[in-house]
Amino acid sequence: EVPFKYGSGWSKAADGSAAGAEPVVVINSALNERLFGGANSVGKTIRIDRREFRVVGVIGQWRPRIKMYDINSNPFGQPESVYLPFNWIEPMEVRSVGNRDNWKSLPGNPGFVESLRIGEANFIQMWVELPDAKSRQEYHAFLDAYALDQRKVGRFERPINNLVTPLPALLKTWQVVPPQSKALAAISVLFLAVSALNLVGLFLGKFLARAPHVGIRRALGASRRSIFLQHLIECELVGLIGGAIGLLLSLGVLAFFNILFSRTTPGQAEAESFFRLDPTMILAAVLLSLVAGAIAGIYPAWRICAIPPANHLRNQ
(Lines give C-alpha, C1' and ligand atoms only; values in the text may rest on other atoms or scores of the structure.)
Protein backbone atom coordinates (compact mmCIF):
# COMPACT_ATOMS: atom_id res chain seq x y z
CA GLU A 1 0.00 0.00 0.00
CA VAL A 2 2.91 2.37 -0.64
CA PRO A 3 1.53 5.39 -2.58
CA PHE A 4 2.92 5.92 -6.08
CA LYS A 5 3.18 9.31 -7.74
CA TYR A 6 4.02 7.77 -11.12
CA GLY A 7 3.91 4.17 -12.32
CA SER A 8 3.88 1.21 -9.95
CA GLY A 9 6.04 -1.58 -8.62
CA TRP A 10 7.59 -4.17 -10.92
CA SER A 11 5.92 -7.45 -11.84
CA LYS A 12 6.64 -10.80 -10.24
CA ALA A 13 8.38 -11.93 -13.43
CA ALA A 14 10.85 -9.04 -13.12
CA ASP A 15 12.34 -10.65 -9.99
CA GLY A 16 13.48 -13.57 -12.14
CA SER A 17 16.45 -15.60 -10.96
CA ALA A 18 19.96 -14.65 -9.91
CA ALA A 19 20.97 -14.46 -13.56
CA GLY A 20 17.74 -13.15 -15.03
CA ALA A 21 16.34 -10.30 -12.90
CA GLU A 22 15.05 -7.44 -15.04
CA PRO A 23 16.90 -4.08 -14.82
CA VAL A 24 14.00 -2.16 -13.31
CA VAL A 25 13.95 0.22 -10.38
CA VAL A 26 11.56 2.18 -8.16
CA ILE A 27 12.75 5.53 -6.80
CA ASN A 28 11.33 7.99 -4.29
CA SER A 29 10.04 11.50 -5.03
CA ALA A 30 13.14 13.26 -3.69
CA LEU A 31 15.46 11.38 -6.05
CA ASN A 32 13.03 11.87 -8.92
CA GLU A 33 13.05 15.60 -8.21
CA ARG A 34 16.85 15.63 -8.20
CA LEU A 35 17.33 13.61 -11.39
CA PHE A 36 14.28 14.50 -13.50
CA GLY A 37 13.00 17.75 -12.02
CA GLY A 38 9.90 16.05 -10.60
CA ALA A 39 8.53 15.05 -14.01
CA ASN A 40 7.09 11.63 -14.83
CA SER A 41 10.24 9.52 -15.17
CA VAL A 42 8.58 6.15 -15.83
CA GLY A 43 10.40 4.54 -18.76
CA LYS A 44 13.55 6.61 -18.31
CA THR A 45 16.84 5.08 -17.19
CA ILE A 46 19.28 5.73 -14.38
CA ARG A 47 22.79 4.33 -13.94
CA ILE A 48 23.58 2.33 -10.81
CA ASP A 49 27.04 0.80 -10.48
CA ARG A 50 27.78 0.87 -14.24
CA ARG A 51 24.39 -0.66 -15.07
CA GLU A 52 21.35 0.91 -16.69
CA PHE A 53 18.01 0.50 -14.91
CA ARG A 54 14.59 1.46 -16.22
CA VAL A 55 12.35 3.42 -13.86
CA VAL A 56 8.97 1.70 -13.44
CA GLY A 57 7.61 3.67 -10.49
CA VAL A 58 8.07 6.82 -8.39
CA ILE A 59 6.93 6.67 -4.77
CA GLY A 60 4.76 9.55 -3.58
CA GLN A 61 4.80 11.20 -0.16
CA TRP A 62 5.50 8.28 2.18
CA ARG A 63 7.12 8.50 5.60
CA PRO A 64 6.24 5.60 7.92
CA ARG A 65 7.00 6.38 11.54
CA ILE A 66 8.56 2.95 11.85
CA LYS A 67 10.13 1.19 8.88
CA MET A 68 8.25 -2.07 9.42
CA TYR A 69 10.32 -3.85 6.78
CA ASP A 70 13.64 -3.05 8.50
CA ILE A 71 13.22 -2.99 12.27
CA ASN A 72 16.55 -4.78 12.67
CA SER A 73 18.79 -1.90 11.62
CA ASN A 74 17.28 1.60 11.81
CA PRO A 75 13.52 1.39 12.31
CA PHE A 76 13.12 5.17 12.66
CA GLY A 77 15.25 6.14 9.67
CA GLN A 78 14.18 7.60 6.36
CA PRO A 79 12.91 5.13 3.74
CA GLU A 80 15.38 4.26 1.01
CA SER A 81 15.66 6.24 -2.23
CA VAL A 82 16.10 3.26 -4.58
CA TYR A 83 14.49 -0.20 -4.69
CA LEU A 84 15.82 -3.02 -6.92
CA PRO A 85 14.65 -6.59 -7.52
CA PHE A 86 16.17 -8.85 -4.90
CA ASN A 87 18.03 -11.09 -7.32
CA TRP A 88 20.41 -8.29 -8.31
CA ILE A 89 22.30 -9.03 -5.08
CA GLU A 90 24.55 -11.64 -6.67
CA PRO A 91 25.48 -10.09 -10.04
CA MET A 92 25.99 -6.63 -8.49
CA GLU A 93 27.63 -7.84 -5.26
CA VAL A 94 25.15 -5.76 -3.26
CA ARG A 95 26.17 -5.66 0.40
CA SER A 96 23.54 -5.94 3.08
CA VAL A 97 23.04 -3.23 5.69
CA GLY A 98 22.38 -4.27 9.28
CA ASN A 99 22.99 -7.48 11.18
CA ARG A 100 24.55 -10.47 9.43
CA ASP A 101 25.16 -13.68 11.38
CA ASN A 102 27.39 -16.40 9.93
CA TRP A 103 27.04 -19.96 11.17
CA LYS A 104 30.36 -21.12 9.74
CA SER A 105 33.90 -19.78 9.62
CA LEU A 106 35.02 -18.26 6.33
CA PRO A 107 38.27 -19.75 4.91
CA GLY A 108 40.42 -17.45 2.83
CA ASN A 109 39.05 -14.13 1.62
CA PRO A 110 35.86 -14.85 -0.33
CA GLY A 111 33.75 -12.17 -1.96
CA PHE A 112 30.69 -10.83 -0.23
CA VAL A 113 28.11 -12.98 -2.01
CA GLU A 114 30.32 -16.06 -1.75
CA SER A 115 30.74 -15.42 1.99
CA LEU A 116 26.95 -15.41 2.34
CA ARG A 117 26.79 -18.80 0.65
CA ILE A 118 29.66 -20.69 2.30
CA GLY A 119 29.17 -19.02 5.68
CA GLU A 120 25.46 -19.82 5.76
CA ALA A 121 24.81 -16.20 6.61
CA ASN A 122 21.52 -15.05 8.08
CA PHE A 123 20.93 -11.69 6.42
CA ILE A 124 17.37 -11.82 5.01
CA GLN A 125 14.30 -10.73 6.94
CA MET A 126 11.69 -13.27 5.90
CA TRP A 127 8.08 -12.13 5.58
CA VAL A 128 5.12 -14.39 4.89
CA GLU A 129 1.39 -13.68 4.82
CA LEU A 130 -0.57 -16.10 7.00
CA PRO A 131 -4.23 -15.05 7.15
CA ASP A 132 -5.52 -17.46 9.81
CA ALA A 133 -4.46 -19.74 12.66
CA LYS A 134 -4.52 -22.86 10.49
CA SER A 135 -2.11 -21.41 7.94
CA ARG A 136 0.20 -20.28 10.76
CA GLN A 137 0.26 -23.78 12.23
CA GLU A 138 0.93 -25.32 8.82
CA TYR A 139 3.76 -22.89 8.10
CA HIS A 140 5.26 -23.49 11.54
CA ALA A 141 5.15 -27.24 10.89
CA PHE A 142 6.81 -26.66 7.50
CA LEU A 143 9.69 -24.76 9.14
CA ASP A 144 10.21 -27.50 11.75
CA ALA A 145 10.15 -30.20 9.06
CA TYR A 146 12.67 -28.25 6.97
CA ALA A 147 15.01 -27.84 9.94
CA LEU A 148 14.81 -31.57 10.75
CA ASP A 149 15.51 -32.47 7.12
CA GLN A 150 18.53 -30.15 6.96
CA ARG A 151 19.89 -31.59 10.19
CA LYS A 152 20.38 -34.87 8.33
CA VAL A 153 23.05 -33.19 6.18
CA GLY A 154 24.84 -31.56 9.10
CA ARG A 155 23.04 -28.23 9.40
CA PHE A 156 21.06 -26.73 12.28
CA GLU A 157 22.77 -28.58 15.12
CA ARG A 158 21.09 -26.63 17.88
CA PRO A 159 17.65 -27.55 19.29
CA ILE A 160 14.82 -26.45 17.00
CA ASN A 161 13.14 -23.28 18.20
CA ASN A 162 11.39 -21.82 15.17
CA LEU A 163 9.08 -18.90 15.88
CA VAL A 164 6.41 -17.45 13.60
CA THR A 165 5.92 -14.03 15.15
CA PRO A 166 3.40 -11.38 14.02
CA LEU A 167 4.96 -7.99 13.39
CA PRO A 168 3.28 -6.12 16.31
CA ALA A 169 4.55 -8.78 18.73
CA LEU A 170 8.00 -8.60 17.16
CA LEU A 171 8.08 -4.83 17.69
CA LYS A 172 7.49 -5.42 21.40
CA THR A 173 9.96 -8.31 21.65
CA TRP A 174 12.76 -6.31 20.03
CA GLN A 175 11.74 -3.19 21.99
CA VAL A 176 11.62 -1.06 18.86
CA VAL A 177 9.65 1.48 20.89
CA PRO A 178 11.91 1.89 23.95
CA PRO A 179 10.44 1.03 27.37
CA GLN A 180 11.39 4.52 28.55
CA SER A 181 8.39 5.81 26.61
CA LYS A 182 6.07 4.11 29.12
CA ALA A 183 7.95 5.78 31.97
CA LEU A 184 7.51 9.15 30.27
CA ALA A 185 3.80 8.47 29.87
CA ALA A 186 3.53 7.62 33.58
CA ILE A 187 5.39 10.83 34.50
CA SER A 188 3.00 12.80 32.29
CA VAL A 189 0.00 11.31 34.13
CA LEU A 190 1.60 12.20 37.48
CA PHE A 191 2.14 15.77 36.32
CA LEU A 192 -1.51 15.90 35.30
CA ALA A 193 -2.57 14.62 38.74
CA VAL A 194 -0.37 17.18 40.55
CA SER A 195 -1.73 19.98 38.36
CA ALA A 196 -5.31 18.87 39.09
CA LEU A 197 -4.61 18.89 42.85
CA ASN A 198 -3.15 22.38 42.62
CA LEU A 199 -6.24 23.52 40.72
CA VAL A 200 -8.46 22.13 43.49
CA GLY A 201 -6.81 24.47 45.99
CA LEU A 202 -6.92 27.45 43.63
CA PHE A 203 -10.57 26.94 42.74
CA LEU A 204 -11.53 26.38 46.37
CA GLY A 205 -9.95 29.66 47.44
CA LYS A 206 -11.46 31.53 44.50
CA PHE A 207 -14.97 30.16 45.04
CA LEU A 208 -15.00 30.68 48.81
CA ALA A 209 -13.98 34.29 48.27
CA ARG A 210 -17.26 34.87 46.45
CA ALA A 211 -19.31 33.08 49.14
CA PRO A 212 -21.27 36.23 50.17
CA HIS A 213 -22.35 36.79 46.57
CA VAL A 214 -23.41 33.14 46.26
CA GLY A 215 -25.34 33.42 49.55
CA ILE A 216 -27.35 36.37 48.27
CA ARG A 217 -28.13 34.50 45.03
CA ARG A 218 -29.27 31.49 47.04
CA ALA A 219 -31.51 33.70 49.21
CA LEU A 220 -33.05 35.17 46.07
CA GLY A 221 -34.00 31.72 44.79
CA ALA A 222 -31.00 30.29 42.92
CA SER A 223 -30.83 26.50 43.31
CA ARG A 224 -27.81 24.55 44.43
CA ARG A 225 -27.81 22.77 41.07
CA SER A 226 -27.53 26.00 39.07
CA ILE A 227 -24.76 27.32 41.34
CA PHE A 228 -22.91 24.01 41.08
CA LEU A 229 -23.17 23.89 37.27
CA GLN A 230 -22.05 27.50 36.93
CA HIS A 231 -18.85 26.88 38.89
CA LEU A 232 -18.21 23.53 37.24
CA ILE A 233 -18.52 25.07 33.76
CA GLU A 234 -16.06 27.76 34.83
CA CYS A 235 -13.61 25.01 35.83
CA GLU A 236 -14.08 23.25 32.49
CA LEU A 237 -13.41 26.49 30.59
CA VAL A 238 -10.18 26.96 32.54
CA GLY A 239 -9.28 23.36 31.70
CA LEU A 240 -9.94 23.91 27.98
CA ILE A 241 -7.86 27.10 27.95
CA GLY A 242 -5.04 25.21 29.65
CA GLY A 243 -5.37 22.40 27.11
CA ALA A 244 -5.19 24.88 24.21
CA ILE A 245 -2.05 26.45 25.66
CA GLY A 246 -0.59 22.97 26.17
CA LEU A 247 -1.27 22.03 22.55
CA LEU A 248 0.43 25.19 21.30
CA LEU A 249 3.46 24.48 23.50
CA SER A 250 3.48 20.87 22.27
CA LEU A 251 3.56 22.03 18.64
CA GLY A 252 6.56 24.22 19.42
CA VAL A 253 8.40 21.41 21.23
CA LEU A 254 7.66 18.92 18.43
CA ALA A 255 8.93 21.40 15.84
CA PHE A 256 12.15 21.70 17.86
CA PHE A 257 12.48 17.91 18.03
CA ASN A 258 11.94 17.61 14.28
CA ILE A 259 14.78 20.06 13.68
CA LEU A 260 16.98 18.36 16.26
CA PHE A 261 16.51 14.79 15.04
CA SER A 262 15.90 15.33 11.33
CA ARG A 263 18.33 13.86 8.85
CA THR A 264 18.08 14.90 5.24
CA THR A 265 19.18 12.54 2.54
CA PRO A 266 20.82 13.56 -0.77
CA GLY A 267 18.18 14.95 -3.09
CA GLN A 268 15.74 15.56 -0.28
CA ALA A 269 14.46 19.12 -0.31
CA GLU A 270 13.70 19.33 3.39
CA ALA A 271 13.38 17.17 6.44
CA GLU A 272 9.97 15.59 6.90
CA SER A 273 8.15 15.89 10.20
CA PHE A 274 8.71 12.72 12.18
CA PHE A 275 7.15 13.97 15.43
CA ARG A 276 3.65 15.29 14.87
CA LEU A 277 0.22 15.52 16.48
CA ASP A 278 -2.49 13.54 14.76
CA PRO A 279 -6.25 14.15 15.22
CA THR A 280 -6.49 11.32 17.75
CA MET A 281 -3.86 12.92 19.99
CA ILE A 282 -5.51 16.34 19.72
CA LEU A 283 -8.88 14.84 20.68
CA ALA A 284 -7.25 13.00 23.58
CA ALA A 285 -5.70 16.28 24.78
CA VAL A 286 -9.09 18.01 24.72
CA LEU A 287 -10.73 15.15 26.62
CA LEU A 288 -7.92 15.12 29.21
CA SER A 289 -8.37 18.87 29.67
CA LEU A 290 -12.07 18.36 30.35
CA VAL A 291 -11.38 15.49 32.73
CA ALA A 292 -8.76 17.52 34.60
CA GLY A 293 -11.14 20.48 34.85
CA ALA A 294 -13.91 18.25 36.18
CA ILE A 295 -11.62 16.57 38.73
CA ALA A 296 -10.31 19.92 39.91
CA GLY A 297 -13.70 21.63 40.03
CA ILE A 298 -16.17 19.11 41.46
CA TYR A 299 -15.16 19.50 45.12
CA PRO A 300 -14.81 23.32 45.14
CA ALA A 301 -18.14 23.69 43.30
CA TRP A 302 -19.84 21.34 45.75
CA ARG A 303 -18.22 23.11 48.72
CA ILE A 304 -19.54 26.54 47.77
CA CYS A 305 -23.03 25.11 47.25
CA ALA A 306 -23.04 23.37 50.63
CA ILE A 307 -22.75 26.59 52.71
CA PRO A 308 -26.19 27.70 54.03
CA PRO A 309 -27.14 31.15 52.64
CA ALA A 310 -28.17 32.36 56.10
CA ASN A 311 -24.52 32.34 57.20
CA HIS A 312 -23.62 34.86 54.51
CA LEU A 313 -26.66 37.08 55.01
CA ARG A 314 -25.93 37.34 58.76
CA ASN A 315 -22.41 38.58 58.05
CA GLN A 316 -23.46 41.32 55.55
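Display the accessible surface of the whole chain in this predicted model: the surface comes to about 20900 Å², and 62% of that area belongs to carbon and sulfur atoms. If you then colour residues by burial, the buried ones make up 27% of the 316 residues in the chain.

Switching to a cartoon brings up 11 helices and 7 strands, and of the contacts with a separation of 6 or more, 63% are accounted for by residues 24 or more positions apart.

Now colour by pLDDT, which averages 83 over the chain, with 92% of the residues scoring at least 70. Select residues 264-271, where the pLDDT is below 50, and note that this stretch has 10 contacts in the model beyond near neighbours in sequence.

For the last stop, select L229, I233, L237, L240, I282 and V286, which form a nonpolar patch on the surface with about 460 Å² of accessible area together. Helix 9 (224-261) and helix 10 (279-306) each supply at least two residues of this patch, and the largest share, 4 residues, comes from helix 9.

Within that selection, centre on I282, which is found in helix 10. Is I282 buried, exposed or partly exposed? I282 counts as partly exposed because its relative accessibility is 36%, and the partly exposed class lies between under 20% for buried and over 50% for exposed.

Technical notes
Residues numbered from 1 in each chain as written. Predicted model: local features only at pLDDT ≥ 70, side-chain atom pairs only at ≥ 80, totals over all residues. Heavy atoms only, no water. pLDDT = per-residue confidence, 0-100. Contact = heavy atoms within 4.5 Å. Patch = residues over 30% accessible without salt bridge, like charges linked within 9 Å, V, L, I, M, F, W, Y side chains within 5 Å. Areas by Shrake-Rupley, 256 points an atom, 1.4 Å probe, with all protein chains shown as cover. Salt bridge = Lys/Arg side-chain N within 4 Å of Asp/Glu carboxyl O. Buried < 20%, exposed > 50% of the residue type's maximum accessible area, 1.4 Å probe, protein only.
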